[in-house]
Amino acid sequence: MKELLDRSKNIVICAHVNPDGDAIGSSLAMKHYFERKGKKATVIVPNVFPDFLKWLPGADNILVHTKQDVQAKAVIEAADLVVVCDLNQSGRLANMEEDILASKAPRILIDHHLDPDMEFCRHIVSEPAMCATGEVICQLFTDMGEMDDISEKEAVCLYTAMMCDTGAFSFNSNRPVIYEHISRLLSHGIDKDLIYRNVFWTASEARLRLQGYLLYVNMKVLYNRHAAIITLTNEERRRFKVKNGDTEGIVNIPLTMLGTKLSIFINEDTEHPGTMKLSLRSVGDFPCDQMASRFFGGGGHKNASGGRLQCSMQETVEKVKEAIEYYADLLK
């Protein structure tokens, strides 16, 4: 792995559709790593990423495929290495999958999701037990003897990746080694309190009003199933002047209700009207990943997963209720 990274000169780094904090943070960490080594590195993502991540160092140079497809295609064609971060199947590249698969450059996959596609990349670093792809990179840097030499930019991006994928270390973060990595990142001069504020304490007025509306009007609580469903249509987005990233974390709020085991947020896709995006969160042993795979064509982790459906909001809600009933015994 180290030899392949060292001999490459022009690298493309890409992440999954609807990139989150782990996808952006881990991708940018790799970008800064390569640039520190004197190489050219470009991060390309399938579509727009949340505004609350745009403060990250290097974020202003990320190419968005849906907006810069011609430029992105040319950069991919010129690459001599493709590094894929935070996804396990090529289909999660969405609109840029074709360009990545057409590239003749070797591909490296760095990820922490279950069941990686072993045919997708020549080299795979997959650690499903780890809390985030950011942690996988921390361990990879440690194994390569690079961890003591990383820059503050790399440390900021890696900490953000792990923080975002664990809800500020409130779930999937009990392993002691996570905090050993954090200790080493802190030694590089990062301000973890500032990172937390930049990600979680930057809500717009529209976000606060939307949150109140969704909880008061659009949240349906299934008391006998210890579950909650929240919906958001594009018409409601326009009414509240919702910007990219304003809905981040809303799916977690119902889990603060005593006894709630499952929360599902149904969000109409802004770029593809009629497509419903589903975010699933759970506590304890409830398998969100199994539900997402069986009913919503998705997947993810046991307590945090996602999926999509091509149907109306009403039909999606009925499908969600059907899924909840299927798992009724686990939701008692």
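**Group meeting: helix packing, a sheet and one histidine**

I'll start with two helices: the axes of H5 and H6 come within 8 Å and cross at roughly 135°. Axes here are lines fitted to C-alpha atoms, for helices over the stretch in contact, with angles from 0 to 180 degrees between N-to-C directions. On the H5 side, the contact is made by Gly-134, Glu-135, Ile-137, Cys-138 and Phe-141; H6 supplies Glu-154, Leu-158, Ala-161 and Met-162. Contact means heavy atoms within 4.5 Å. Helices (H or I, at least four residues) and strands (E, at least two) are DSSP runs, numbered from the N terminus.

Some housekeeping. This is a predicted model, where local features need pLDDT of at least 70 and side-chain atom pairs count only at pLDDT 80 or more, while totals for chains, interfaces and linings use all residues. Residues are numbered from 1 along each chain as its sequence is written, and side-chain values use heavy atoms, with hydrogens and water left out.

What packs against H5 and H6? The buried residues of H7 (residues 176–186) do. They are Ile-178, His-181, Ile-182 and Leu-185. Seen down the axis of H7, they fall within an arc of 100°, so they line one face of the helix; the arc is that of the directions from the helix axis to the C-beta atoms. Buried means under 20% relative accessible area, exposed over 50%, partly exposed in between, with a 1.4 Å probe and protein chains only.

Next, the sheet. Its 6 strands form an open sheet in the order E7-E8-E9-E10-E12-E11, with mixed pairing. Strands E7 (219–222) and E11 (299–300) are the edges, each pairing on one side only. Two strands pair if DSSP finds at least two bridges between them. E9 (residues 262–268) and E10 (residues 275–282) run antiparallel, joined by 7 bridges; Phe-265 has Ser-279 in E10 as its bridge partner. Helix H9 (residues 205–218) lies across E7, E8 and E9, at about 125° to E8. Helix H12 (residues 313–326) lies across E7, E8, E9, E10 and E12, at about 160° to E9.

Last, His-65, in the loop between strand E3 and helix H3. Is His-65 buried or exposed? Its relative accessibility is 7%, so His-65 counts as buried. Its side chain makes a polar contact of 2.9 Å with that of Asn-95, meaning a pair of N or O atoms within 3.5 Å; within protein, one must be able to donate a hydrogen and the other to accept it, and residues adjacent in sequence count only if both atoms are side-chain atoms.
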